[in-house]
Amino acid sequence: MHTRSNRRKTPVTLLAASIGLALHAPVFAQETGQAVELDTIVVTGYRASLERAIDIKRGEAGVVDAIVAEDVGKFPDLNLAESLQRIPGVVITRDAGEGRNISVRGLGPDFTRVRINGMEALTTVGSTDQNGGTNRTRGFDFNVFASDLFSQMIVRKTAQADVEEGSLGATVDLVTARPFDYSGFTVAASAQASYNDMSGDATPRVAGLIANTWADGRFGALLSVAHTKRKALEQGTGTGRWANGTSNGGFNPASTFTDAMSADVFHPRFPRYTWMEHDQDRTGVTASLQFKPGDNTQFSLDGLYSKIDATRREHYIEAISFSRSASQGGKPETIVRDGYIDPATGALLYGRFDDVDVRAEHRYDEWDTVFKQVSLSGEHEFSDSFKLTGKLGTSSSRHDNPVQATIMMDKLNVDGYSYDYRGDKWAPVIDYGIDPTDPEGWTLSTIRMRANKVENDFDVGQLDFNWSISPGFRLKGGVLAKDYGFESMEWRRTATETIVPAFSDGTRIVPVDMVQMARLSGMSGSPGQWVGPDFDAIADHFDIFSGDGTFALSPYAASNRSVEEKDRGAYLMGEFSTDLGNIPFSGNFGVRYVKTKQASTGIATIAGTPTPLTVSREYSDTLPSLNLVAEVAPDLLVRFGAAKVMSRPGLGSLTPGVTVSVSGGSRNVTGGNPGLDPIRAETYDLSAEWYFQDSAMLSLGLFYKDIESFVQTTREVRPFYTSGLPASVAEGFGVSANDDFVFSVPVNTPGGPLKGVEANFIQPFTFLPGNWANLGVQLNYTFVDSKIQYLTSSGAASLRTDLTGLSRHSWNATLFYEGQTFSGRVSATNRDNYLIQVPGTEQGFTSDVHGQNGITYVDASLRYKVSEQIELSLEGINLTNEPSLQSWVGAASQLPLDYSLTGRQYLMGIRYKF
């Protein structure tokens, strides 16, 4: 098993403590302090920040976009993902209304690699089931960090040899501040009160930075801290997919509305309303020491610590019969009395039923993620023409979800139940056939208990040289050793989760003092309130967290797995600058070679017995790249880039063996494939950029990616006995081998082309008279198209359609005003509809898709400068109260899957800088 977590690494807290002591040392007069380094300087004013971002873009050989300094601190952005979405081609997904993952040019989170201070890192969090649950992928969860911790973010959209491999979409560089970025003693602090109009809660958000240099600018120290408390209320609806009339054994033959029993008629598997409470604390610390022993030598020691600590409560009321088989007393007992079938989609949009099992549940989660990184970098110039740089670093991400428990109570065989999706499909009218607010007569049915851990570790060593051979040519090269470790662990109840103890009266009827009310407040629902289990009362009554007896936990094979990767790479790259006639011409060309040794460990079910299994393999890639820039006219640049790139397979796909899981109406057989090849592609970029005035630009870029190989998870629903596994495996979960399961397995597929265009326009209105000259605009638009060949579970060709996570259209628009004392911005961000699963799961949708509606978010910010040191702010996020989730199944029918609202966010604050 993976044991990297036993290595004790230099704690960031020790580095921060030493810096704190250093910063209290006497401050020497420094009239000629360390000069500001423009690549990480904290500039003042939005327009100056835009100018620096444009300078970064213009100065690079490849296609690059950046956000620097006040661009982050002065946007109404809660985290890094919400800052990065301002960049062309970058779109985000949200969790509980807050940005979590990014996609770049239509390629999802698994295809984007993130470096922090030049070193690759990965951090993950937990979530609700409708948002993917615990992250066990290569996708970076940006909501671990507050944006206040970083001074610069760069998105590298084209490859070059001196940037390590692993990305098809982009390499994102996050840079924290260092003391040599500032001249002398610097202090900055901010405080905000944040209010969410759905939860009705006000919470604090604070940040501070202190930095100093002394000894004639040869030594510097910096410490920054950010803390945010967030409370959010998420409300919505869900269906749990749509299944056909014959699924799970079909409806009761006594049904009078017999059309509902057809294979081409579809009903929701568990229609329900949802009410979730999120409570999060996020704390981050950065620390940096810099030392220049001589004019030609410099060292930097950087540390980053971030922790997000969260609790979440989920309240549901639902009909469970439609997703359950005869062995669970489900659908075959349910009688369909009446209904309406949409002739265009075959959906049973309205139904009235007898003998329906109704469930109310309350889930409670406690989780946290702790990220730590320490890196030591140095450089030495041996001469004016030759320099060596090096870096050693380590990072770790520890996600711990020790409490993930759900208590459920049922009323069985209810008559007169109905649902109606004929009106607003995101807010159906549901009549449970009972009074959902009546606390009496509920039977305790299930106590589900789980615990999760996910660990990600990187150890990196790098050495590079930079040799200026002539005034117009420079040779670069280097080697990189990177060890990556991933480990996932999960525990579940040893006893079947439907085994529950009796209350003091000897029955399983829930006492009325152990139920509580859930009420929708930010949306209209029918019902708008219902009773559910009082989780704390029942948990305390039965002492469910004792870890003993019926509540003992055991390892869960499906989630217990690890991946070890040892990557060894080297590169050689030439940089040139010359003239072609009167045209300045520059660029780089090079090649990178990397060998990957991979060991995947999981628990496979062999002859009905869980058996640890490790599969090892290795593969190598040779990755050439070319980037050219020509200034064909003054301030008009034309760029061309070409490269071979690769991205390693998703972590969840590499698990060897087959695992079986049952959770209520969710029954799965999941296979892994440790022999998967990486996703490989050839990429081409062509763009023109016109820098027609200071702080302004107009650009148009074309990109094309020939994705040679891809990884797809095939899914199909069929009875368990078709798996070839012993029937006793299914029976051990309390279900029958005749019950339907979802079978999933990842496979390499042929891939396909991806192409698109990006347009970007930044224009300060300095040509206007008076205060009108303080206005400006930022606009960008991205179009992406892809055609990937998807396969059925048998390997036959299925759909040829877009990549999952790809929005064909996305745009950003910002109108800003930057005056001497007053500034303001209004920003709108949009992404188009996108696919989340291809093909669909249920019969009738296996040649169709699951998707997500696109959304336009509008944010605003107002600031007033009281003095050179003090600034007041007022910000608003999601001002139009857009939903954070609207997912559906069926490209044409778009039958609803999940919907959630999280409300508007307002922040009022003060900022101080000395």
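What is the volume of the second largest pocket? In this predicted model, the second largest pocket has a volume of about 1100 Å³. Its lining is made up of 42 residues, and those closest to its centre are Thr496, Glu497, Val662, Gly732 and Phe733. Several elements take part in this lining. The strands β17 (356-381), β18 (386-414), β21 (443-470), β22 (473-493), β25 (553-555), β27 (583-606) and β30 (658-663) are among those that each supply at least two residues. The helix α6 (727-731) also supplies at least two. The largest share comes from β21, which gives six residues to the lining.

The next topic is charge. The model has a count of 63 salt bridges. One of them joins the side chains of glutamate 98 and arginine 230, with 4.0 Å from N to O. Glutamate 98 belongs to strand β3 (residues 98-104) and arginine 230 to strand β10 (residues 219-238), so this pair ties together parts that are 132 residues apart in sequence. Where do the two side chains stand, buried or exposed? Glutamate 98 is buried, because its relative accessible area is 1%. Arginine 230 is buried as well, with a relative accessible area of 7%.

A second salt bridge is formed by glutamate 689 and arginine 639, whose closest N and O atoms are 2.8 Å apart. Here the partners sit in strand β32 (residues 679-690) and strand β29 (residues 636-647) respectively, so the parts tied together are 50 residues apart in sequence. Both glutamate 689 and arginine 639 are buried. These two residues also belong to a network of salt bridges that links Lys57, Asp65, Arg105, Lys157, Arg639, Asp685, Glu689 and Glu758.

Arginine 808 lies in the loop between β39 (797-801) and β40 (809-818), while aspartate 785 lies in strand β37 (residues 775-786), so the pair connects parts that are 23 residues apart in sequence. Arginine 808 counts as partly exposed because its relative accessibility is 31%. Aspartate 785, with a relative accessible area of 13%, is buried.

What is the nearest side chain of opposite charge to aspartate 181? It is arginine 178, at 6.7 Å. Aspartate 181 is buried yet has no salt bridge, since a salt bridge needs a side-chain nitrogen of Lys or Arg within 4 Å of a carboxyl oxygen of Asp or Glu. Aspartate 181 is found in the loop between β7 (170-176) and β8 (186-196). The side chain of aspartate 181 does reach the backbone nitrogen of arginine 178, at 2.9 Å.

The last stop is serine 255, which is placed in the loop between β11 (242-244) and β12 (266-268). Serine 255 counts as buried because its relative accessibility is 6%, and the cut-off for buried is under 20%. Which residues does serine 255 contact, leaving aside its neighbours within four places in sequence? They are Met261, Thr334, Ile335 and Val336. A polar atom of the side chain of serine 255 also lies 2.7 Å from the backbone oxygen of asparagine 252. Serine 255 and alanine 161 are 94 residues apart in sequence, and from C-alpha to C-alpha they are 67 Å apart in space.

How values were computed:
Residues are numbered from 1 along each chain as its sequence is written. This is a predicted model: local features need pLDDT of at least 70, side-chain atom pairs count only at pLDDT 80 or more; totals for chains, interfaces and linings use all residues. Side-chain values use heavy atoms; hydrogens and water are left out. Helices (H or I, at least four residues) and strands (E, at least two) are DSSP runs, numbered from the N terminus. Buried means under 20% relative accessible area, exposed over 50%, partly exposed in between (1.4 Å probe, protein chains only). Lys and Arg count as positive and Asp and Glu as negative; His and the chain ends are not counted. A polar contact is a pair of N or O atoms within 3.5 Å; within protein, one must be able to donate a hydrogen and the other to accept it, and residues adjacent in sequence count only if both atoms are side-chain atoms. Contact means heavy atoms within 4.5 Å. On a 1 Å grid over the protein atoms alone, a cavity is a set of points where a 1.4 Å probe fits but cannot get out, and a pocket is an open set with protein on both sides within 12 Å along at least five of seven lines; lining residues have an atom within 4 Å of a point. Grid points are joined across faces, edges and corners, and a volume is the space filled by probe spheres set on the points.
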